[in-house]
Amino acid sequence: MDFLELFMPTVWFVILALFLLLYVILDGFDLGVGILSLTSPGEDQRTILMTSLGNVWDANETWLVLMGGALFGAFPLAYGTILKALYGPIYLMILGLILRAVAFEFRENAINKRPWNLMFGIGSVLAAASQGVCLGTVLAGIPTDAAGHFTGSAWIWVNPSSLLVALTLIQGYVLIGSTYLILKTSGELQRLHVRTARIATATTLMGALAITFTAPFASETLRQRLFDPAFLPFFVVLPLLGVALIVQLFRSLALQQEVWPFVYTVLLFILSFAGLGVMVFPAVIPPSVTIFQASASVTSQVFMLTFIGVLIPIMLFYNIYNYIAFRGKVSAE
Amino acid sequence: MLATFDVVTLSRLQFALTAIFHMLWPVLSTGLAIFLVVLEAIWLRTSNPLYYRQARFWAKLYVLNFGIGVASGLPMEFQFGTNWAPLSEFAGDFFGSVLGFEGAMAFMLEAGFLGIMLFGWQKVPPVIHFLSTVMVAFGANLSVFWILSANSWLQTPAGGTFSDGHFNVQNYFSAINNPFMVKSVIHMSLATVETSMLVVAAISAWSLMRQKAPEFFQFSFKLALVILLAVAPLQILAGHESGVQVAERQPTKLAAIEAIWEDEPAGTSPAWALVAVPDEATGSNRWKLSVPGALSWILESRPQLSKPVRGLNSWPADQRPHMVGLLFYAFRVMIAIGMAAAALSVLSLLLWWRGGLSAESFVRWPWFSWAWILSAPAGYLAIEAGWVVRCVGRQPWTVYGQLRTADAASVLPVGEVITSLSTFAVLYSALLMFALYFGARIIAKGPNITLEPPGGRGSGAAPAAATLPAPGA
């Protein structure tokens, strides 16, 4: 039983990380395309942008729903504490996602598309920014009492470091959205997004550097973790890989490649995500509540694993099939 | 006004508002999906393009409806963390797992195949497309199963023990298959199909009244009617069964929905209140119109009660639901609509039998068309009323008999909840208006009756008109 009590929370931490990573990559490019749609030169181009998301945005958003449900079931304490602490940004995110979703459907039926275009873009920006604020706040740490209940103020998420993460995440989403569009469009529209991808690579990099250098000042725990010799290999290897990927990304953009920019961006997302995981693990409510403390009962986690674990490959299978069925360039109708 | 409420009341209001609004959309996502499966199956079998056009037209409404359903579902899930953290901690082991299953099994299935169903007509072979439509319908209906299982567990918790303010699951299958589960899932599934068919029939009746695409809408009307004839009577039975299980397991809810204030001993034949003016201050009905001796027939199908029925006054005020008037009338509204829908369906069958269900009859008898048009909003009203009975009637408990609603809510700053609550109120009102507006535009524009199926499948060779024969002919 001892083994299971260590093993199961770790398994669930990994599964949750997988769901979150899939969400951030997949809905990340949805939101990125949504933000980019604000700068579309014309209605036809915007239609192409939105058509490129038509068959996937909904399934992509579902990874967030899945992450929420799995966090609720596997770590009920963390679900309550984190969501209560992030009341403000969670509601702003939901608001953003609602605006994005309904603008999608309403625009389709509207004659005057402008209000819905605006709502689609603003909803995407709002959702992206709120997710960044949530991420920044959780990384900086959520104050709790001994039982793991939230003890901070309702405005804990309003601070410069979470604002910085929010801005950076928006850049990251614009980057992955641009490279997705390079993949899905052609001609003038594709060239436009090679340019936006270049700019976004630079701004994302600046944001990531700023976060890396300010993080040790924002949180005591992060400072300790960063300078802990045991973690040194990670903090040497990860940045080196990052540099290599960024060089490759710039190169592939310069060479006008279609697939590689997206691949490198996804790898960069995975890398950043691994970095965050190393900084946080085994905390599920940083800085102090670990996955073992916040864990649901082992029987519950085993039961959930048998159900959801089996389904993960199946879900991946039909989601991939969806992408394959709609592979290739998007055209307006 | 909101500022005078405490945070528990505000969180309840917010949950009620978001749940009532959210419930409007899964109705079509689940019920209309089955209709789309039927249409596409007929198309694949007959190769008649009429059925293809049917599938394409109703799918337009489906997608408009679906996006709002997905979006308005998000706050439902997240509220358990933001506003009901003590509940999450208390019941998360089970309740959270079930929401996780719903996401992985049902929601993802539906979302993963929706893209192909909506936009994949030219991209995948017809069989794969049909399979996708089936998966969307299957996923949506699995969702009903998991959500109703979770909600039933709140009504009749089972499968574990309660200790230290925590529910410990011992047997997942008996927790999932808790006493209310089976009948609640059936009742809700029938409700979504029934209301969806009322919507199809209403839109068809409206179009027929205006002589728009009469052949097209005559078919959809008759198909919806055939399904309704099966579903509406079954639903009355399922509703009755649900009522009986409430009488067995939730006596306080039963007393409230029937406005029974004083105990009714076994062996008597008490009257059943048809309408009443319940007065909580005096603990009695100020006025009522009742049917003598009917209560035992309704509850037990026999002339005398075999078991006593407890009245509301026999419980302390903090152990029974309040808002008795709301519960009493919500229950009656639901039943009246269920009965009326069944009656209207049977009446229409009789007309059909007598050959009176031609496209012209909808013009000749505006009352008939209007009865059908109004049945669509009535269907939604019945579903909402049913949920009010179910969840307001469960009060003061969130987990019946185990966790009080007052203890299930997070302690949050009042201003925070007021802000989110009022944002939802404004946003949802606007969304509902626009959804109705765009829905009306789709209906006004009508189907594309020259649309050709992908790959030239079934074009040309098939008969021009397809109609169901009159059953008496």
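**View 1. Chain A as a whole.** Of the 333 residues of chain A, 54% count as buried; a residue is called buried if 20 or more other C-beta atoms lie within 10 Å of its own, exposed if 12 or fewer, and partly exposed in between, with C-beta atoms placed from the backbone. Please keep in mind that this is a predicted model, in which local features need pLDDT of at least 70, side-chain atom pairs count only at pLDDT 80 or more, and totals for chains, interfaces and linings use all residues. Residues are numbered from 1 along each chain as its sequence is written, while chains are lettered from A and ligands numbered from 1 in the order in which they are written. Chain A holds 13 helices and two strands; helices (H or I, at least four residues) and strands (E, at least two) are DSSP runs, numbered from the N terminus. Along the principal axes, its C-alpha atoms fill a box of roughly 60 × 40 × 40 Å. The radius of gyration of chain A is 20 Å, which agrees with the value near 20 Å for a compact globule of 333 residues; this radius is taken over C-alpha atoms, and the globule rule is 2.2 Å times the number of residues to the power 0.38. Among contacts in chain A between residues at least 6 apart in sequence, 78% join residues at least 24 apart, where two residues are in contact if their C-beta atoms, placed from the backbone, lie within 7 Å.

**View 2. Chain B as a whole.** Chain B has 15 helices and six strands. Its radius of gyration, 24 Å, is close to the 23 Å that the globule rule gives for 473 residues, so chain B is as compact as a globular protein of that length. The box filled by the C-alpha atoms of chain B is roughly 70 × 50 × 45 Å along the principal axes. Of the 473 residues in chain B, 52% count as buried. For contacts in chain B between residues at least 6 apart in sequence, 76% join residues at least 24 apart.

**View 3. Where the two chains meet.** Here 50 residues of chain A are in contact with 55 residues of chain B. On the side of chain A that touches chain B, α3 (57-74), α4 (76-85), α5 (87-109) and α13 (298-325) each supply at least two residues. The most comes from α5(A), with 13 residues. By class, this side of chain A has 32 nonpolar, 14 polar and four charged residues; Ala, Val, Leu, Ile, Met, Phe, Trp, Tyr, Cys and Pro count as nonpolar, Asp, Glu, Lys and Arg as charged, and the others, Gly among them, as polar.

**View 4. Two helices crossing between the chains.** The axes of α4(A) and helix α3 (residues 49-82) of chain B come within 7 Å and cross at roughly 95°. That makes α4(A) roughly perpendicular to α3(B). Axes are lines fitted to C-alpha atoms, for helices over the stretch in contact, and angles run from 0 to 180 degrees between N-to-C directions. Angles under 35 degrees count as roughly parallel, over 145 as roughly antiparallel, 65 to 115 as roughly perpendicular and the rest as oblique. Look for Tyr79(A), Gly80(A), Leu83(A) and Lys84(A) of α4(A), which make the contact with Phe78(B), Gly81(B) and Thr82(B) of α3(B).

View 5. Strand β3 (residues 272-279) and strand β4 (residues 284-291) of chain B pair in the antiparallel sense over six bridges; strands pair if DSSP finds at least two bridges between them. Val275(B) stands opposite Leu289(B) in β4(B). Four residues lie between β3(B) and β4(B), and in this turn Gly283(B) has a positive phi of about 65°.

**View 6. Backbone details in the loops.** The peptide bond from Phe281(A) to Pro282(A) is cis, with omega near 0°, and Pro282(A) lies in the loop between α11 (260-280) and β1 (283-285) of chain A. In chain B, the bond from Gln395(B) to Pro396(B) is cis, with omega near 5°. Ala213(B) is not a glycine, yet has a positive phi of about 35°; with 20 C-beta neighbours inside 10 Å, Ala213(B) counts as buried.

**View 7. The surroundings of Arg46(A).** Arg46(A) sits in helix α2 (residues 43-54) of chain A and is buried, with 21 other C-beta atoms within 10 Å. Not counting residues up to four places away in sequence, Arg46(A) touches Ser37(A), Ser40(A) and Asn117(A).
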